[in-house]
Amino acid sequence: MAKQLLIDAYRGKRTASPPWVPYAGVHCAFLINEPADKMLKDPKLLAKGVVNAAKRYKADGIPLVFDLSVEANSVGCELKWWGDNVPSVTTHPCSNKTPADAGLKLPTKESGRWPVLYEAAKIAKPQLDDLDCVLMGLFCGPLTLASHLAGVRIFTDLYKNPDFAHEVIKFAGEVGAIAAGFYAEMGSEIIAIVDPVASQIKSETFQEFVTPNSQPAIKVIHDAGKTSSFFICGDCTKVMEDVCKIGTHGFAIDEQLNMNFVRDLARKHEVGFGGNLKLTLALSLGLLSPREDAIVSLAAGGHIGYTFAPG
Amino acid sequence: MATKEELLELLKDGVINYKEEQVKEAAQTAVDDGHPALEMIMDGLAAGMEVVGDLYERHEYFVPEVLMCADALYLGLDILRPHVPKSDSGAVAQVVIGSIQGDVHDIGKNLVKMMFDVAGWEVHDLGRDVPLENFVKEQLRTDAEVVAMSAMMTTTMLGMKKVIQMIKEKNPNVAIMLGGAPVTQDVANLFGADGYAESAGNAVQEGIKMIGRLREYEKKKAD
Ligand code: B12
């Protein structure tokens, strides 16, 4: 396990071998025979789950949580909890009001589930340090958070009510910057904006709404001297140039993108990139051989700025 | 006065370029002028949505654009649907549709639903995060020919297999169709589904094919 190797790869540098990150998420709970909801609510169990997964998979880095409901919940969205999954957001306070009119306030360390995450990080961080494993901080990106706040209407508001959409997404970007600051304070060496919904829009929309509203968080991460990344998913070929130019040290993608395309793009922009083991077909269902799939990913990824990881 | 062809073009163009007012006006004119509503739906609105599907597949349109088009289409459908003579619509068939338990993703499901709406099916939409047994209950209540389930996550996808078992136990003649990003033809086969469609565009066609296959099978069994 090697922290520096991972940080180098995330920053687009050459590494002797590619580092590896299992984005374990609530799989950490499964590995310690606990339900996901119980683990996510209990700092001791969360720390135990994360450290256990890091050890078991000999990880170079591991996220504290991979749960995009934390930020939404910290500003007032309600959650439905699951034993085998991350919680889902059930209420959308901005479904008919702007964040200001809905009375939404920027989160503090005491908001929502942040106290649990702080406590868990305090326990996990020294143990991960002993393992030479990065504690990663992943938070919800502006468009995905806006879709939690306003619901699906945010997509059509981009056209029908652009002022409203701008207001909600700007607020979401500010919440993200605060979350990034929290993770920096917890000691995360790598902090990533995770915006899956940003894969569902065209390049112009990305540049208008996602790029500017990611800047506050990127500034916080870089001012704290940490490494930044932008996680996107799906077949987002058309916005990949924008992702490369957003200003983070690198990005991560999922199983739907072609690794050769992604590698060439990352090299061109001199940023780090990670992915794209096939989560569904290989790791979950075994319809593809996970071993062969891994070899394909590794062969395409190469040794410059590449992190081996599930998509 | 606009001709039928002009109105069809206005409806089609209005859906493709999400011009809501244009769609509403053209639909209302079509009704006022006594043009056949079903033709307006199929060769106007649905023809437009077909182009939208292509644009989406070619990555020229994305989710926001498709949802804008869907909004425009529904405005036209709301005006035209009441004017489709009962004998024409003859409720082609019924479908129970929903996003599986644990899954709140419903954008894709709603597009599939729209295609069934357009095709004149009676749609029973259970919404999202639908408890597994509710698919079974709703099928029994409505006697729908098709149950269509959507899953967007590897974890929730596994619930579909259980629903298939539960439904087939009670009623082997129901055609079950699966869809959603992690689902493939292989997954559908593995879970014992009758059909699978990659996109909303071919969901209805697949539904009809499935019913056809089941009827043939039933006939053979009876012979
Ligand atoms: C939008 C989105 C969301 C929105 C959903 C809004 C909504 N109301 O639907 C929000 C932000 C709420 C969300 C939340 C989450 N999401 Co999400 N989300 C997406 C995203 C970006 C796009 C999905 C989408 O709408 N696509 C557009 C539509 C048009 O396409 P489609 O759904 O594929 O549907 C088409 C076909 O599949 C087909 N189809 C669909 N259903 C059916 C059904 C039938 C019967 C048929 C025939 C066809 C069919 O027809 C449709 C039209 O052509 C995907 C990424 C992706 N690559 O898909 C992730 C994704 C699905 N989400 C994911 C995850 C993990 C989550 C969260 C758990 C995040 C978290 N960690 O907190 C939560 C979970 C919520 C929950 N419990 O369900 C993962 C799933 C990973 C996996 N393989 O298990 C994905 C793949 C992203 C990723 N790579 O990480 N998400």
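Ring pairs link A:Trp114, A:Tyr118, A:Phe182 and A:Tyr183 into a cluster. Rings of Phe, Tyr and Trp (its six-membered ring) pair if their centres lie within 6.5 Å; planes under 30 degrees apart count as stacked, over 60 as edge-to-face and the rest as tilted. This is a predicted model, where local features need pLDDT of at least 70 and side-chain atom pairs count only at pLDDT 80 or more, while totals for chains, interfaces and linings use all residues. Residues are numbered from 1 along each chain as its sequence is written, chains are lettered from A and ligands numbered from 1 in the order in which they are written, and side-chain values use heavy atoms, with hydrogens and water left out.

**Aromatic rings**

- Over all chains, the count comes to twelve aromatic pairs.
- Take A:Tyr159 and B:Tyr18: their ring centres are 5.3 Å apart and their planes stand at 55 degrees, so this pair is tilted.
- This pair joins two chains, because A:Tyr159 lies in helix α8 (residues 153-160) of chain A and B:Tyr18 in the loop between α1 (4-16) and α2 (20-32) of chain B. Helices (H or I, at least four residues) and strands (E, at least two) are DSSP runs, numbered from the N terminus.
- A:Tyr159 has 29% relative accessibility and counts as partly exposed; B:Tyr18, with a relative accessible area of 21%, is partly exposed. Buried means under 20% relative accessible area, exposed over 50%, and partly exposed in between (1.4 Å probe, protein chains only).

**Charges over rings**

- A:Lys41 lies over the face of A:Trp81, 4.5 Å from the ring centre. A charge sits over a ring if NZ of Lys or CZ of Arg is within 6 Å of the ring centre and within 35 degrees of the ring normal.
- The face of A:Phe164 has A:Arg153 over it, at 4.3 Å from the ring centre.

**Around the ligand**

- You will find the ligand between chains A and B.
- Of the 45 residues around the ligand, those that come nearest are B:Val104, B:His105, B:Asp106, B:Ser150 and B:Thr154. A residue is near a molecule or strand if one of its heavy atoms lies within 4 Å of it.
- The shell residues divide into 23 nonpolar, 16 polar and six charged. Here Ala, Val, Leu, Ile, Met, Phe, Trp, Tyr, Cys and Pro count as nonpolar, Asp, Glu, Lys and Arg as charged, and the others, Gly among them, as polar.
- With four residues, α6(B) gives the most to this shell.
- A backbone N or O atom of B:Gly102 lies 2.9 Å from a nitrogen atom of the ligand, and for B:Gly180 that distance is 3.4 Å. A polar contact is a pair of N or O atoms within 3.5 Å; within protein, one must be able to donate a hydrogen and the other to accept it, and residues adjacent in sequence count only if both atoms are side-chain atoms.
- From chain A, a polar side-chain atom of A:Gln256 lies 3.4 Å from a nitrogen atom of the ligand.

**The cobalt atom**

- Which protein donor does the cobalt atom of the ligand have? The only one is B:His105 (NE2), at 2.2 Å. Donors are N, O and S atoms within 2.8 Å of the metal (3.2 Å for Na, K and Ca); water is not among the atoms, so sites may look incomplete.
- B:His105 sits in the loop between β1 (94-99) and α6 of chain B.

- B:Gln94 is in strand β1 of chain B and is buried, with a relative accessible area of 18%.
- The side chain of B:Gln94 reaches the backbone oxygen of B:Thr142 at 3.0 Å.
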